[in-house]
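Open the model in your viewer and keep the selection panel at hand. This tour moves from one stop to the next, saying what to select and what is there.

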Amino acid sequence: MSAPLLEARGLVKSFGDNHVLRGIDVTVQSGSVTCLIGPSGSGKTTVLRSLNGLEMPESGTVRIGDVQLDCANRPDTRAIARLRDQSGMVFQAHNLFPHMTVLDNVTSGPVFAQGRPRAEAREEARALLSRVGLADKADAFPVQLSGGQQQRVGIARALATRPQVVLFDEPTSALDPELVGEVLQVMQSLAAEGWTMVVVTHEMRFARQVADQVLFLDGGVVVEQGPPSEVLVEPREARTRQFLQRLLDPL
Amino acid sequence: MSAIDWDLVRSSLWPLGRELLRGTLPLTAVSFVLGLALAVLVALMRLSGNRLVSAPARFYVSVIRGTPLLLQLFIIFFGLPSFGITIDPWPSAIIGLTLNVGAYASEAVRGAILAVPRGQWEAAMTVGMGRATTLRRVVLPQAARIAVPSLSNTLISLVKDTSLVSVVLVTELLRQAQVIAGQTFEYFTLYGVAAVYYWVVCLVLSFGQTRLETRLSRHVAA
């Protein structure tokens, strides 16, 4: 097996007395899908946000491709930006730019940040919008879209910068239940195309069907990891079993 | 004798209107544009994490807001010559009004920038934008919408504050009304006409504010 595309080692972070990450390792192979699951407060979102420097751990290293960041060295803005450029991100609350059209949202990274020619970026953005089933919404504004459509634009925007990895932070948690499917379907097809994805999610069916590996986090550590057929079907750890049990039977 | 001399109203319309067009409106426009640019700069300085940058901005806002505009105009025009700095009436007026707008508007701009959700900064950074690009392309356009009501307040106050600059020998609407009233002794008539002029200008601006707010809000959820 070739060297993994993404490696995080020994991530440690606390907010005040709250130790959110207590030494977390994540390894992601190119073209694979990794799902981070766990109860709220387990640190899974903080891990994800550490992979692109939106959070800065007190110690640990993050490497994507050939860009490495040593968190303990208090990296400067430029070093963080170099790591961040390796990935794209889809947010729970989509965070689309409300004053721009759908098309301008998707081209914002290529044009404003990467300085690519506008015509070329627009052409590519239209292709991405077709890809997520929104070719006819290019000139709409985000407020005119449903939650599921907004999130699919968010996915197109994240892909537009041609990242090596796409990070998803609970992409369906803020959606009405009937809109979850359209977003998960797009993500599933991206996985089939070979995109490398790291997904924080509570959608266990998605994790089982799409993930190559699942990491169960609790209390700031990785309690258990492996293929979904092991972690989600035959968990070894009691804490994993409890968590899955609560999801299946909330009452 | 009636309190209002209608012939004088008619004959003073143009002399007063001319000073509105030559004095009050250009003073307002120039000071507002310069003041707004200053306000954005000061707001960004105040938001800086570096105290060496934020402290001077804080001091400036505190001094300008904490002293009367009339006194600031006196200092610029009559006080600075003691240090060998002599400034003509018009530049003095523009400087005084600009500094004032800059201080008041910077608070509105700062509040508006802070009101743009954090997620907008994060989204811009994850598509690769740096701080300056994020401000220009994502944050300031949204902050502008949020700041319109309070900036409109500042603009409308400014229209009326220009009446103070006659103390530094700039002729504008109020000064002209004083001059004619001094010659005719028809104080109520002249000051009444001047008041109506100010009011009409502010009515037009309020109307413009409403239009602008509607226009800028069209892409924002109700």
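Start with chain B. This chain has eight helices and zero strands. Helices (H or I, at least four residues) and strands (E, at least two) are DSSP runs, numbered from the N terminus. Along the sequence the pattern reads α-α-α-α-α-α-α-α.

Before going further, note that this is a predicted model: local features need pLDDT of at least 70, side-chain atom pairs count only at pLDDT 80 or more, and totals for chains, interfaces and linings use all residues. Residues are numbered from 1 along each chain as its sequence is written, chains are lettered from A and ligands numbered from 1 in the order in which they are written, and side-chain values use heavy atoms, with hydrogens and water left out.

Zoom out on chain B. Its C-alpha trace spans about 75 × 50 × 25 Å along the principal axes. Chain B has 222 residues, and 43% of them count as buried. Buried means under 20% relative accessible area, exposed over 50%, and partly exposed in between (1.4 Å probe, protein chains only). Now turn to contacts, meaning heavy atoms within 4.5 Å. Take those in chain B between residues at least 6 apart in sequence: 76% join residues at least 24 apart.

**Stop 1: helix α7 of chain B**

Select residues 173-184 of chain B. This is helix α7, with twelve residues. From first C-alpha to last it reaches 17 Å, close to the 16 Å expected at 1.5 Å a residue. The expected span is 1.5 Å times one less than the number of residues.

Which residues of α7(B) are buried? Colour L173(B), Q176(B), A177(B), I180(B) and A181(B). Look down the axis of α7(B): these buried residues fall within an arc of 130°, so they line one face of the helix. The arc is that of the directions from the helix axis to the C-beta atoms. An α-helix has 3.6 residues a turn, so residues three or four places apart point the same way. The buried residues of α7(B) pack against α1 and α8 of chain B.

Step on to F185(B), in the loop between α7 and α8 of chain B. Its phi is near 60°, a positive value in a residue other than glycine. F185(B) counts as exposed, at 61% relative accessibility.

**Stop 2**

Select I156(B), in helix α6 of chain B. I156(B) is buried, with a relative accessible area of 17%. Show its contacts, not counting residues up to four places away in sequence: C202(B), L205(B) and S206(B). Then draw a C-alpha to C-alpha distance to W199(B). I156(B) and W199(B) are 43 residues apart in sequence and 9.8 Å apart in space.

Next, S54(B). It lies in helix α2 (residues 51-65) of chain B. S54(B) is buried at a relative accessible area of 7%. Leaving aside neighbours within four places in sequence, S54(B) is in contact with M45(B), R46(B) and S48(B).

**Stop 3**

Select V127(B), in the loop between α5 and α6 of chain B. Is V127(B) buried or exposed? V127(B) is buried, with a relative accessible area of 5%. Not counting residues up to four places away in sequence, V127(B) touches S108(A), G109(A), A113(A), R157(A) and T161(A).

Stay with chain A and pick R74(A), in the loop between β5 (67-70) and α2 of that chain. Phi of R74(A) is near 45°, a positive value in a residue other than glycine. R74(A) is exposed, with a relative accessible area of 76%.

**Stop 4: the largest pocket**

On a 1 Å grid over the protein atoms alone, a pocket is an open set of points where a 1.4 Å probe fits, with protein on both sides within 12 Å along at least five of seven lines; lining residues have an atom within 4 Å of a point. Grid points are joined across faces, edges and corners, and a volume is the space filled by probe spheres set on the points.

The largest pocket holds about 630 Å³ of space. Select R84(A), W121(B), E122(B), M125(B) and R131(B): of its 21 lining residues, these lie nearest the centre.
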